[in-house]
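I opened this model to see how its parts pack together. My notes follow the order in which I looked things up.

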Amino acid sequence: MSPAIQPVIMTPDLERLQIFYTALLGAEETSRVPDKGPTFFVGLRVGDAELGLVADEDVQIGTRQRMLLSVDVENPDDLLGRVEALGGRVLGPPKNMPWGQRVAHIEDPDGNAVNLTRQI
């Protein structure tokens, strides 16, 4: 078996982030730990990728992060109208980048940097 990498976001409000990524990107829950009681981990499938969410009440929202979640979507422009309604923040209009992507920079409800991208 070859190695796999799964980005994992720690959050004090796991349910809020799960709703955000489910509603914005169509993420589907693939796992939950534990099965009963307060949830510690939720695994989500977004297209062909996996995203993990971990509950940690000590995480400070908006603190400096060293990770960027980049998600290839059908059309970044179409999703921007939903970001703020779901508790996120749009950081500016989408732009065509010199490396051949259209990119919209947003933050999820915890302030994590997310790029919505599409090859052009």
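The entries below go from confidence to core, then to single residues.

**Entry 1: confidence**

I noted that this is a predicted model. I looked up the mean pLDDT of the protein and found 91. I also found that 97% of its residues reach 70 or more. Where is confidence lowest, and where highest? I found the lowest mean, 90, in strand β5 (residues 69-72). Strand β6 (residues 89-90) has the highest, at 98.

**Entry 2: the core**

I turned to the largest nonpolar core and found 23 residues in it. Tyr21, Leu25, Val71, Ile106 and Leu116 have the most contacts inside it. Which elements each supply at least two residues of this core? I listed α1, β3 (41-46), β4 (49-55), β5, α2, β8 and β9. Helix α1 gives the most, with six residues. In general, nonpolar side chains tend to be buried together in soluble globular proteins.

**Entry 3: Tyr21 and its ring partner**

I followed Tyr21 next. I left aside its neighbours within four places in sequence and listed what it contacts. The list holds Ile9, Gly26, Ala27, Leu44, Leu51, Leu69, Asp108 and Val114.

I then searched for aromatic pairs and found one in the structure. The pair is Phe20 and Tyr21, with ring centres 5.1 Å apart. Their planes stand at 90°, so I logged the pair as edge-to-face. Are these two residues buried or exposed? Both Phe20 and Tyr21 are buried.

**Entry 4: helix α2**

I checked which residues of helix α2 (residues 76-83) are buried, and found Pro76, Leu79, Leu80 and Val83. They cover an arc of only 120° around the axis, so they sit on the same side of α2. The general rule is that an α-helix has 3.6 residues a turn, so residues three or four places apart point the same way.

What does the face turned away from the buried side carry? I found the exposed residues Asp78 and Gly81 there. I then looked for what covers the buried residues of α2. The cover includes α1 (14-25), β6, β8 (101-107) and β9.

I also looked at the start of α2. A side-chain oxygen of Asn75 reaches to within 3.0 Å of the backbone nitrogen of Asp77 there.

**Entry 5: two residues of β9**

I picked Asn115, which is in strand β9 (residues 113-119). Why does Asn115 count as buried? Its relative accessibility is 11%, and the cut-off for buried is under 20%. Beyond its neighbours within four places in sequence, Asn115 is in contact with Leu68, Leu69, Ser70, Val71, Val103, Ala104 and His105.

I read its relative accessibility as 3%, so Thr117 counts as buried. Not counting residues up to four places away in sequence, Thr117 touches Ser70, Val71, Asp72, Val73, Pro76, Gln101, Arg102 and Val103. Among them is Pro76, one of the buried residues of α2.

**Entry 6: a cis bond**

I checked the peptide bond from Val33 to Pro34. It is cis, with omega near -10°. Where does Pro34 sit? I placed Pro34 in the loop between β2 (28-33) and β3.

**Entry 7: Val59**

I found Val59 in the loop between β4 and β5. Its relative accessibility is 22%, so Val59 counts as partly exposed. Val59 and Met10 are 49 residues apart in sequence, yet 6.9 Å apart in space, C-alpha to C-alpha. With neighbours within four places left aside, Val59 is in contact with Met10, Thr11 and Pro12.

**Entry 8: the loop between α2 and β6**

I took two residues here, Glu84 and Gly87. Glu84 has 51% relative accessibility, so I logged Glu84 as exposed. Its C-alpha atom is 8.9 Å from that of Asp108, 24 residues apart along the chain. Glu84 touches Arg89 and Val90, not counting residues up to four places away in sequence.

Gly87 is partly exposed, with a relative accessible area of 43%. What does Gly87 contact, leaving aside neighbours within four places in sequence? I found Asp108 and Pro109. I also looked up Gly87 against Ala104. They are 17 residues apart in sequence and 16 Å apart in space, C-alpha to C-alpha.

Conventions
Residues are numbered from 1 along each chain as its sequence is written. This is a predicted model: local features need pLDDT of at least 70, side-chain atom pairs count only at pLDDT 80 or more; totals for chains, interfaces and linings use all residues. Side-chain values use heavy atoms; hydrogens and water are left out. pLDDT is the predictor's confidence in each residue, from 0 to 100. Helices (H or I, at least four residues) and strands (E, at least two) are DSSP runs, numbered from the N terminus. Buried means under 20% relative accessible area, exposed over 50%, partly exposed in between (1.4 Å probe, protein chains only). Contact means heavy atoms within 4.5 Å. The arc is that of the directions from the helix axis to the C-beta atoms. A polar contact is a pair of N or O atoms within 3.5 Å; within protein, one must be able to donate a hydrogen and the other to accept it, and residues adjacent in sequence count only if both atoms are side-chain atoms. A nonpolar core is a set of buried Ala, Val, Leu, Ile, Met, Phe, Trp, Tyr and Cys residues joined through side-chain atoms within 4.5 Å. Rings of Phe, Tyr and Trp (its six-membered ring) pair if their centres lie within 6.5 Å; planes under 30 degrees apart count as stacked, over 60 as edge-to-face and the rest as tilted.
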